[in-house]
Amino acid sequence: MSELSITPYFPFMRAKITGQSVCGDRPDSALIHVSPDLRFRPLCHACGRPAVTVHSKGHLRLIRDLDMAGAQVWLQVAYRKVWCEACGRAKVEYLSFANASQRVTHRLARYVYELCRFMTVKDVAAHLDLDPKTVKAIDKTFLQEDFGRTGCEGLRVLAIDEIALRKGHHYMTVIMDYLTGRIVWMGEGRSKETLDGFFAEMTDTQKAAIEAVAMDMWEPYINRIRHYCPDAKIVFDFFHVVQAFGRVIDKVRRDEYLKASAEDRKVLKGSRYLLLKNEENLTENQESRLQAVLGLNATLSTLYVLKDQLKVIYYYSDRERVKAALDDWCHMAKQIDHASVKTFVNRLRFFEYGILNHADYPIGTSELEGANNKIKVIKRRAYGYHDSHYFALKVKQAFAA
């Protein structure tokens, strides 16, 4: 008598293997027959309590299991409905290897979840011959268990920025633990109400523990930080300040181009990125073109110098030196008679506390900007996410500390 048995491959509690066959007319599929182990008293799948009596028998269900030797494995499960006194109604009996509402085993679901860490839902579905909706539902269920709760313990320094979810000014706010690089929270939008959702998940003690927050000069964010964490230092990111001044340079460049003669326009045309690019990144040809632009227009030449001087402000770690450098910069910028420059100087003065705070907390959203690039890759890999909550869970998984 042969002692070969497939039973060890199906170590299911409270159930036994009663047979095997080919699944229908598909030789690449195996059908494993599973029946309740009558040595055990059936349990209610809803509450887990022992059932009073068996309500009905003879129910069959097909459940997909892990593939074996290149063949799809299906379990034909004979299960019972039991009467549960605690629930007060008939319930499907508890199965140790699958949920009552799912048509895949726990171990196949776990395998799907692990694959989804590195593959798209579409690719996993094609690989396992499953419905993409089933794959997404499995992945989202596990993600919710692992990353659904906002971990606010130990937060001291935050970075806040937004990422475009799709075209048309649809954004998600991203909050990072600056000290660990972990994405703590993501919420749709970039309004005050968006951050209200984040702080609603924090205790008063956790809010009080926040020491500093790096962000750009976006007033809804500023408003909420001041409201929930009044003692936290708001630090305006160097990159966003310089980027904002870059937009001012471009406005002035366009106006100077319109005022220039036809001959001078040939020199100024196409100079936008020359003026915004860092000097060390210029090619030899670009550098000669830039010098021609700066030699032709004194206003643009002054703005170019101011752009570099603006960066220097962030190099100091002494508040007094930062204050003196900022005063000098604003004084020089005011000499330029252009509405956009004056508006920028007034805005810088209004938000100067966030620049001075950089001396105490030399932080910014550059770490988060790098994270945003990785987030964009996650989004592109799936050709975008229509489910923003699922997208947020995938991002939190990718940045788990």
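**Contacts, sheet and rings**

Modeller: Leaving out residues up to four places away in sequence, K233 touches E211, A212, V213, N357, D360 and Y361, where contact means heavy atoms within 4.5 Å. This is a predicted model, so local features need pLDDT of at least 70 and side-chain atom pairs count only at pLDDT 80 or more, while totals for chains, interfaces and linings use all residues. Residues are numbered from 1 along each chain as its sequence is written, and side-chain values use heavy atoms, with hydrogens and water left out.

Biologist: Which strand is K233 in?

Modeller: K233 lies in strand β10. Helices (H or I, at least four residues) and strands (E, at least two) are DSSP runs, numbered from the N terminus.

Biologist: How far apart are K233 and L155?

Modeller: They are 14 Å apart in space, C-alpha to C-alpha, and 78 residues apart in sequence.

Biologist: What is the strand order in the open sheet?

Modeller: The order is β8-β7-β6-β9-β10, 5 strands with mixed pairing. β8 (182–188) and β10 (233–236) are at the edges with a single partner strand each, so one side of each has no neighbour in the sheet. Neighbouring strands are turned by 25° against each other on average, direction ignored. Two strands pair if DSSP finds at least two bridges between them.

Biologist: How many bridges join β6 to β7?

Modeller: There are 8 bridges between β6 (residues 157–166) and β7 (residues 170–177), and the two strands run antiparallel. E162 has T173 of β7 as its bridge partner, and I160 stands opposite I175 in β7.

Biologist: What about β7 and β8?

Modeller: That pairing is antiparallel too, over 5 bridges. V174 stands opposite M186 in β8. The hairpin of β7 and β8 has 4 residues between the strands, and G181 there takes a positive phi near 80°.

Biologist: How many residues of β7 are buried?

Modeller: 6 of its 8 residues are buried, so β7 is mostly covered. Helix α16 (residues 388–398) lies across β6, β7 and β8, and runs at about 170° to β8. For that angle, axes are lines fitted to C-alpha atoms, for helices over the stretch in contact, and angles run from 0 to 180 degrees between N-to-C directions.

Biologist: Why is α16 described as largely enclosed?

Modeller: Because 9 of the 11 residues of α16 are buried, the rest of the structure largely encloses this helix. Among the buried residues are Y390, F391, L393 and K394.

Biologist: What caps its N-terminal end?

Modeller: D387 does, with a side-chain oxygen 3.2 Å from the backbone nitrogen of H389.

Biologist: Switching to rings. How many aromatic pairs are there?

Modeller: The structure holds 14 aromatic pairs. One of them is F236 with F351, edge-to-face at 5.4 Å centre to centre and 80° between the planes. The partners are 115 residues apart, with F236 in strand β10 and F351 in the loop between α13 (339–350) and α14 (352–356). F236 and F351 are buried. Rings of Phe, Tyr and Trp (its six-membered ring) pair if their centres lie within 6.5 Å; planes under 30 degrees apart count as stacked, over 60 as edge-to-face and the rest as tilted.

Biologist: Which residues form the aromatic cluster?

Modeller: W185, F198, F199 and Y228 form one cluster.

Biologist: Where do charges sit over rings?

Modeller: R190 lies over the face of W218, 4.3 Å from the ring centre. The charged end of K374 is over the ring of F399, at 4.8 Å from its centre. The test is NZ of Lys or CZ of Arg within 6 Å of the ring centre and within 35 degrees of the ring normal.

Biologist: Last one, S271. Where is it?

Modeller: S271 is in the loop between α8 (262–268) and α9 (272–276). S271 counts as buried because its relative accessibility is 0%. A polar atom of its side chain lies 2.6 Å from the backbone oxygen of L268. Leaving aside neighbours within four places in sequence, S271 is in contact with R253, R289 and V293.

Key:
Buried < 20%, exposed > 50% of the residue type's maximum accessible area, 1.4 Å probe, protein only. Polar contact = N/O pair within 3.5 Å; in protein donor to acceptor, adjacent residues only side chain to side chain.
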